[in-house]
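Student: I would like a close look at a single helix in this model. Please take me through what surrounds it and how its residues are placed.

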Amino acid sequence: MTEKLIKRNPVFQADEINLLDSLVFKYKHVLENKQKGAVQVAQKSKYWNIVADEFNAAALNVSVSYPIVMHLFNILKNNKKSELCAEKRNKKKTGGGPEETIPTNEAIDQFLTTITDIEVHGVLDSDSLRNMSSSTPNNFETILQGNYTI
């Protein structure tokens, strides 16, 4: 009777997460490309292999293949996004009382700040309205004419 043993993924330490952060940032132009064509998918696969090879070359504690490195990156990115969403939800709560604090991991907090910090330029939204000074009487006329700068 043969049993399949489920191999567990390694536990990554903070220095390994920082190494992965630097490697992903180095190849961010390819790895975070949103295009889904065959050329881009092949290029992403090639660069994930490069990231995994460089990660393994550092020889910190573990040796992993590129699907595991890619999976770790996606998990960390999703965790950071959910922390940011929870923080935004807590800021918009009503009812008084002290603000809830969300526990964060310093390594994850430092990780992906450049990737998940998204700002859209040239689009009129509530942030741009809030940033415009309310002292000028022609704000809405400027917005309607499209002569605003952000």
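Tutor: Helices (H or I, at least four residues) and strands (E, at least two) are DSSP runs, numbered from the N terminus. By that rule the protein has eight helices and zero strands. This is a predicted model: local features need pLDDT of at least 70, side-chain atom pairs count only at pLDDT 80 or more, and totals for chains, interfaces and linings use all residues. Residues are numbered from 1 along each chain as its sequence is written, and side-chain values use heavy atoms, with hydrogens and water left out.

Take helix H3, residues 38-57. H3 has 20 residues. From first C-alpha to last, H3 reaches 29 Å, close to the expected 28 Å. The expected span is 1.5 Å times one less than the number of residues.

Now the two sides. Buried means under 20% relative accessible area, exposed over 50%, and partly exposed in between (1.4 Å probe, protein chains only). Lys44, Tyr47, Trp48, Val51, Ala52 and Phe55 of H3 are buried. They cover an arc of only 145° around the axis, so they sit on the same side of H3. The arc is that of the directions from the helix axis to the C-beta atoms. An α-helix has 3.6 residues a turn, so residues three or four places apart point the same way. On the other side of H3, Ala38, Val39, Asp53 and Ala57 are exposed.

What covers the buried side? The cover over the buried residues of H3 includes H1, H2 and H4. Contact here means heavy atoms within 4.5 Å. Val51 shows this at residue level: Val51 touches Leu20, Leu23, Tyr27, Leu31 and Val69, not counting residues up to four places away in sequence.

Next, the core. A nonpolar core is a set of buried Ala, Val, Leu, Ile, Met, Phe, Trp, Tyr and Cys residues joined through side-chain atoms within 4.5 Å. The largest one has 20 residues. Those with the most contacts inside it are Phe12, Leu20, Leu31, Trp48, Val51, Phe55 and Val69. Helix H1 (14-26), helix H2 (28-31), helix H3 (38-57) and helix H4 (66-92) each supply at least two residues of this core.

Last, the whole chain. Of the 150 residues of the protein, 25% count as buried. Among contacts with a separation of 6 or more, 60% join residues 24 or more positions apart.
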